[in-house]
Amino acid sequence: MTLQKLRDIMKVSTEYGQKGESMTNTNKLKARIVEKGFTMESLAQAVNLSCPTIRRKINGKQDFRVSGIKAFCRALSLDLTDVPAYFFSEDVHKTRTTV
């Protein structure tokens, strides 16, 4: 997946998210964080964000930016091809594939 494709997905997802729906696949993301041995504090340090910001993003209360998704991917050893599964709920991913 290219960076431009990621931006395209985020554009559609942001439009979807404006309806008040969470885009982040919270359970999958939290499981990956645990799998990689991170605490919220160590993940916050790895992605250069505060713990409260990390929690808001993971819990879908604050949107991710492309730079944040890239930082999480590096820290959690995710490929760009993993982005839709972790950072966009199933409904958003389906919306993107039908556009």
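**Close-up views of a predicted model**

**View 1. Arg32 sits in helix α2, which spans residues 26-35.** Helices here are DSSP runs of H or I with at least four residues, numbered from the N terminus. This is a predicted model, in which local features need pLDDT of at least 70 and side-chain atom pairs count only at pLDDT 80 or more, while totals for chains, interfaces and linings use all residues. Residues are numbered from 1 along each chain as its sequence is written, and side-chain values use heavy atoms, with hydrogens and water left out. Arg32 counts as buried because its relative accessibility is 13% (buried means under 20% relative accessible area, with a 1.4 Å probe and protein chains only). Beyond its neighbours within four places in sequence, Arg32 touches Leu76, Ser77, Leu78 and Tyr86; contact means heavy atoms within 4.5 Å.

**View 2. Helices α3 and α5 pack at an angle of about 120 degrees.** Helix α3 covers residues 40-47, helix α5 covers residues 66-76, and their axes lie 9 Å apart. The axes are lines fitted to C-alpha atoms over the stretch in contact, and angles run from 0 to 180 degrees between N-to-C directions. From α3, the contact uses Leu43, Ala46 and Val47, and from α5 it uses Ala71, Phe72, Ala75 and Leu76.

**View 3. Cys51 and Cys73 are a pair of buried cysteines to look up.** The relative accessible area is 17% for Cys51 and 7% for Cys73. The structure holds zero disulfides, a disulfide being a pair of cysteine sulfur atoms within 2.5 Å.

Note on methods:
Helix = DSSP H or I, 4+ residues; strand = E, 2+ residues; numbered from the N terminus. Buried < 20%, exposed > 50% of the residue type's maximum accessible area, 1.4 Å probe, protein only.
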